[in-house]
Amino acid sequence: MLRIWKATINSRNGLAFAFKSEQAVREEIFALLLSVPLAWFIGASAMRAVELVCAVAFVLVVELLNTAIEKLADRLTMDHDKQIGRVKDMGSAAVGVALLMAGAFWIFAIIERLGFV
């Protein structure tokens, strides 16, 4: 039980640090909070609403991992390094793919709600 408590504290600390230091994390948390009521309005079913919220939460998860990679890379060296630049670009690409996926889920749900599917 103590291990679970410590892990929870570490997770909260990590999220708080990311929130304070990264504008993208703040924006995605705002989007997540906004997605909860919107998903219940747009989703044609309860399951679709949950899927929509999870799609936005997935973007936040990928952003947190990307932020962790960037912070670690910056800790290794602040000098320009081609390989580290590529790693950071791949993390950014992962966020981009997650955003495209979430956007596709939401567009499909809107189309479904409008009765076109």
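**Notebook: E22 and helix α2**

I located E22 in the loop between α1 (2-21) and α2 (23-42); helices here are DSSP runs of H or I of at least four residues, numbered from the N terminus. The model is predicted, so I note that local features need pLDDT of at least 70 and side-chain atom pairs pLDDT 80 or more, while totals for chains, interfaces and linings use all residues. Residues are numbered from 1 along each chain as its sequence is written, and side-chain values use heavy atoms, with hydrogens and water left out.

I checked the exposure of E22 and found it buried, at a relative accessible area of 17% (buried means under 20%, with a 1.4 Å probe and protein chains only). Leaving aside residues up to four places away in sequence, E22 touches T67 and K71 (contact means heavy atoms within 4.5 Å).

I then examined the packing of α1 and α2: the angle is about 110° and the axes lie 5 Å apart (axes are lines fitted to C-alpha atoms over the stretch in contact, with angles from 0 to 180 degrees between N-to-C directions). This makes α1 roughly perpendicular to α2, a term covering 65 to 115 degrees. From α1, the contact draws on L15, A18, F19, K20 and S21, and from α2 on Q23, V25, R26 and I29.

I looked for bends in α2 and recorded a kink of about 35° at V36, shortly before the proline P37 (the bend is the angle between axes fitted to the seven residues ending there and the seven starting there).

Finally, I listed the buried residues of α2: V25, E28, I29, L32, S35, A39 and I42. They pack against α1, α3 (46-76) and α4 (82-113).

Methods
Helix = DSSP H or I, 4+ residues; strand = E, 2+ residues; numbered from the N terminus. Buried < 20%, exposed > 50% of the residue type's maximum accessible area, 1.4 Å probe, protein only. Parallel < 35°, antiparallel > 145°, perpendicular 65-115°, else oblique.
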